Amino acid sequence: MPANTIASVVCIPMRLPFHHWSRPPLFAGRPRDRLDSALVRVQTADGTVAWGESYCVEPRALQAIFETLVAPLACGRLADDDTLLPGMQRLLHNLGRSGPVVHALAGLDIALWDLRAKRAGLPLHALLGGKRRNRVRAYASLLQYYADERLLAQVTERALAEGYTEIKLHERTGAALAAVRRTAGPQVPIMVDTNCAWLPHEADAAMAAMLPHQPFWIEEPLWPPEDDAALAALRDRCPVPLAVGENAASALALRRMAEQGTVQYVQPSVIKLGLSAALDIARACDGVGTVCAPQVAFFGPGFLASLHLIAAQQAEVSLERLFVALAHVPYAGSVPIERGWLQVPDTPGLGADPEDDLAAGCFAD
Ligand SMILES: [Mg+2]
């Protein structure tokens with residue numbers, strides 16, 4: 001058996017307990033006290049281990065997808081076979097062009113990039129065209145505080161004290177943005193993510209309330225998120241840039257939005273679409289005036305893959321970092337955030353492997 005034959009593909013849920021100095025926010029209709037994703041561990045016949053990450057809200061569903069669909073198709077194949085993932089995408093396309101099966105393949109894709117870079121003895125960014133910067137700024141992405149101005153001010157102060165110089169809110173009101181603007185001052189870029197808050201006819205009034213407080217961009221303003229025509233129309237009448245992408249209907253749909261300039265910022269999530277697709281979208285942005293600003297609301301190998309992508313892409317953008325206290329901070333020792341900045345790793349592959357307790361599934365339940 002060739003050394004580069006895939007011997008195993010295993011999904012290890014990574015459910016990180018967190019708090020954000022307030023009661024748990026709601027996510028998918030229920031209170032959220034963990035930030036969930038899943039590690040993807042790929043091992044080849046020669047014992048080389050590589051890591052990816054998949055979006056995961058329901059670990060049992062994702063593990064079943066890996067056990068019954070992904071691993072049987074990948075094991076026994078050569079890891080450097082360029083037809084492997086495209087072939088799996090076509091074989092499984094009837095199961096949906098977005099959703100858990102696609103998220104599983106995204107994690108496998110990241111692991112195969114890690115493997116490729118490790119086998120080449122190169123940092124991942126070298127395979128993405130080489131880094132254009134040695135360090136990347138991170139922005140503090142606050143979870144939702146439901147317009148509680150006192151909490152928003154407190155948490156903003158905490159983020160600024162830790163060295164962050166850019167803030168993102170998950171809020172829906174002008175008053176919430178105003179509270180953070182008062183705390184942060186006029187110079188700090190403040191992005192506002194509404195998580196698809198408004199129908200097209202509702203958006204103008206809600207956004208008008210934010211405009212006096214200078215949002216840097218407004219993210220996912222519309223429901224449904226794949227309504228390109230409504231987004232393009234809103235972009236044309238809105239004086240503030242728009243950002244969308246983490247809920248793209250497919251990699252191709254997001255690439256089209258990048259090419260057509262539907263919004264100013266496109267935000268591929270590598271743990272939903274894969275690194276190959278995110279790289280393709282980043283390259284589609286070059287020269288057309290759209291900026292690729294990957295969504296990075298996760299902490300594992302997908303975070304490192306996004307860091308390499310941002311380091312290598314043409315447009316300089318900041319990397320999203322959920323501003324929460326985690327029970328375990330992945331890569332805290334190997335790729336730490338220091339005063340709001342990340343050094344781009346130069347060691348082979350992603351630059352670090354998950355710590356032993358994560359790899360052993362200590363945070364799987
Ligand atoms: Mg978002």
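In this predicted model, Y146 is partly exposed, because its relative accessibility is 34% (buried means under 20% relative accessible area, exposed over 50%, and partly exposed in between, with a 1.4 Å probe and protein chains only). Y146 is located in the loop between β6 and α5 (149-161), where helices (H or I, at least four residues) and strands (E, at least two) are DSSP runs numbered from the N terminus. Its phi is near 50°, a positive value in a residue other than glycine. Residues are numbered from 1 along each chain as its sequence is written. As the model is predicted, local features need pLDDT of at least 70 and side-chain atom pairs count only at pLDDT 80 or more, while totals for chains, interfaces and linings use all residues; side-chain values use heavy atoms, with hydrogens and water left out.

A positive phi, of about 45°, also occurs at E220, which is not a glycine. E220 belongs to the loop between β9 and α8 and is buried, with 2% relative accessibility. P224 is placed in the loop between β9 and α8 (228-237), and the peptide bond from W223 to P224 is cis, with omega near -5°.

The magnesium ion is coordinated at 1.9 to 2.1 Å by D193 (OD), E219 (OE) and E246 (OE). Donors are N, O and S atoms within 2.8 Å of the metal (3.2 Å for Na, K and Ca); water is not among the atoms, so sites may look incomplete. Along the chain, the donors follow the spacing D-x25-E-x26-E. D193 lies in strand β8 (residues 190-193) and E246 in the loop between β10 (242-244) and α9 (251-260), so the pair ties together parts that are 53 residues apart in sequence. D193 and E246 are both buried.

Seven aromatic pairs are found in a search of the whole structure; rings of Phe, Tyr and Trp (its six-membered ring) pair if their centres lie within 6.5 Å, and planes under 30 degrees apart count as stacked, over 60 as edge-to-face and the rest as tilted. The pair of Y139 and W217 is edge-to-face, because the ring centres are 6.3 Å apart and the planes stand at 85°. This pair links distant parts of the chain, with Y139 in strand β6 (residues 135-141) and W217 in the loop between α7 (200-208) and β9 (218-219), 78 residues apart. Y139 is buried at a relative accessible area of 2%, and W217 is buried at 4%. F216 and W217 form a tilted pair, with 6.0 Å centre to centre and 55° between the planes. F216 is partly exposed, with a relative accessible area of 36%. Y139, F216, W217 and Y265 together form one aromatic cluster.

The second largest pocket has a volume of about 490 Å³. On a 1 Å grid over the protein atoms alone, a pocket is an open set of points where a 1.4 Å probe fits, with protein on both sides within 12 Å along at least five of seven lines, and lining residues have an atom within 4 Å of a point. Its lining comprises 25 residues, of which L85, P86, Q89, L273 and S276 lie nearest the centre. α3 gives the most to this lining, with eight residues. Domain 1 (6-121) and domain 2 (126-354) both contribute lining residues, so the second largest pocket lies between them; the domain bounds come from an automatic or database domain assignment.

Key: Points joined across faces, edges and corners; volume = space filled by probe spheres on them.
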